[in-house]
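Please take a moment to look over the sequence and the 3D picture together before reading on. The paragraphs below then walk through the chain step by step.

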Amino acid sequence: MKQRTGKGRNRAEGVHAGLMRWSRLGFTLFLALDLSACASLSGHQDLKPLKPLPVPAEPEPLSAHPANGAIWQAGTNVSLFEDNRAHRIGDLITVLIQENASASNNTNTAINRSDTLGAALSNFFGITPAFGGVAGKAFSPSMNATSNQKFGGTGATTQSNTFSTTLEVTVVRVMGNGNLVVEGSKEVRLNGGHEYIRVAGVVRPADVTSQNTILSTQIADARVEYSGDGSIYEAAKMPWLARFFMSLWPF
């Protein structure tokens, strides 16, 4: 009995030691997986080299000075009397976006209409008309009618938008009268979402300041866009099934 008890005790101690080794191994594996998950969530190891957005227009090449004896040559890099303001394809202009829009409209409509009609025939050439009667009551040759109509409507709308930022745009075309067609965009990634800013329009060279800047309010045929995607924008978007039922709801 004592020998069997010793063997059982040794066997239990071996099982306990094995469980301890497996628990240590499992804890070590869990810790390694946790650290690798944290490293992957940080995203620093998966960063790729940043590439700029596509350039809307490439600048014209500045040809070398030809050996024809002339001091000034068109299309070369000699600029004796030029300033730093953009005027050629590929030049950059800083757009100061300052868009403030506010609209308010109030409508109040009230219509009241009341009509009264009365007619009676009590004597016709000295003869009192008689139209008989029903259930012992004689008909009266008279008529009275009243009509009332009333309508009231009230409507109000108010909208206010503010957009302020700075964006660099590129001259993509020079028009025949010298005006500059510009286009530019910017992409910003914040917290897993993207934000896009795009500006396009026509700029008059005289409106470009000496610092090579222009206000967005001075751009003709301007298109200013601010949009984005990501979890924040998805949370504020109505689900597609709700949009479907809203499109069918008649009220």
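Is L248 buried or exposed? The model shown here is a predicted one, and in this model L248 has a relative accessible area of 55%, which lies over the 50% cut-off, so L248 counts as exposed. This residue is found in helix α3, which covers residues 240-248, and L248 is one of the members of a nonpolar patch on the surface, together with W240, L241, F244 and F245. Taken together, the residues of this patch have about 600 Å² of accessible area.

With that helix in mind, we can turn to the chain as a whole. Its secondary structure comes to three helices and eight strands, and if you follow the chain from the N terminus, the elements run α-β-β-β-β-β-β-β-β-α-α. The chain has 251 residues, and buried residues make up 15% of them. Its accessible surface comes to about 20600 Å², and 59% of this surface belongs to carbon and sulfur atoms. If we consider the contacts between residues at least 6 apart in sequence, 63% of them join residues that are at least 24 apart.

Next comes the way in which strands are arranged. Six strands form an open sheet in the order β7-β1-β4-β5-β6-β8, and their pairing is mixed. At the edges of this sheet are β7 (213-215) and β8 (220-229), each of which pairs on one side only, and neighbouring strands of the sheet are turned by 25° against each other on average, with direction ignored.

Strands β1 and β7 pair in the parallel sense over three bridges, and V95 stands opposite I214 in β7. Strand β4 (residues 142-174) and strand β5 (residues 180-190), by contrast, run antiparallel and are joined by four bridges, with T170 standing opposite E183 in β5. These two strands, β4 and β5, form a hairpin with five residues between them, and in the turn G178 has a positive phi of about 95°. Strand β5 also pairs with β6 in the antiparallel sense, over 11 bridges, and here the bridge partner of E187 is Y196 in β6.

A101 has its place in strand β1, which covers residues 92-120, and A101 is partly exposed, with a relative accessible area of 41%. When residues up to four places away in sequence are not counted, A101 touches Q159, S160 and N161. Of these contacts, consider N161: A101 and N161 are 60 residues apart in sequence, and yet they are 5.1 Å apart in space, C-alpha to C-alpha.

Most residues other than glycine have a negative phi. N212, however, has a positive phi of about 65° although it is not a glycine. This residue is found in the loop between β6 (193-203) and β7, and N212 counts as buried because its relative accessibility is 12%, which is under the 20% cut-off. D221 is another residue other than glycine with a positive phi, in this case near 50°. D221 is found in strand β8, and with a relative accessible area of 67% D221 is exposed, whereas N212 is buried.

Methods: Residues are numbered from 1 along each chain as its sequence is written. This is a predicted model: local features need pLDDT of at least 70, side-chain atom pairs count only at pLDDT 80 or more; totals for chains, interfaces and linings use all residues. Side-chain values use heavy atoms; hydrogens and water are left out. Patches are made of residues with over 30% relative accessible area and no salt bridge: like charges are joined within 9 Å, nonpolar side chains (Val, Leu, Ile, Met, Phe, Trp, Tyr) within 5 Å. Accessible areas come from the Shrake-Rupley method with a 1.4 Å probe; for residues, only the protein chains shown count as cover. A salt bridge is a side-chain nitrogen of Lys or Arg within 4 Å of a carboxyl oxygen of Asp or Glu. Buried means under 20% relative accessible area, exposed over 50%, partly exposed in between (1.4 Å probe, protein chains only). Contact means heavy atoms within 4.5 Å. Two strands pair if DSSP finds at least two bridges between them. Axes are lines fitted to C-alpha atoms, for helices over the stretch in contact, and angles run from 0 to 180 degrees between N-to-C directions.
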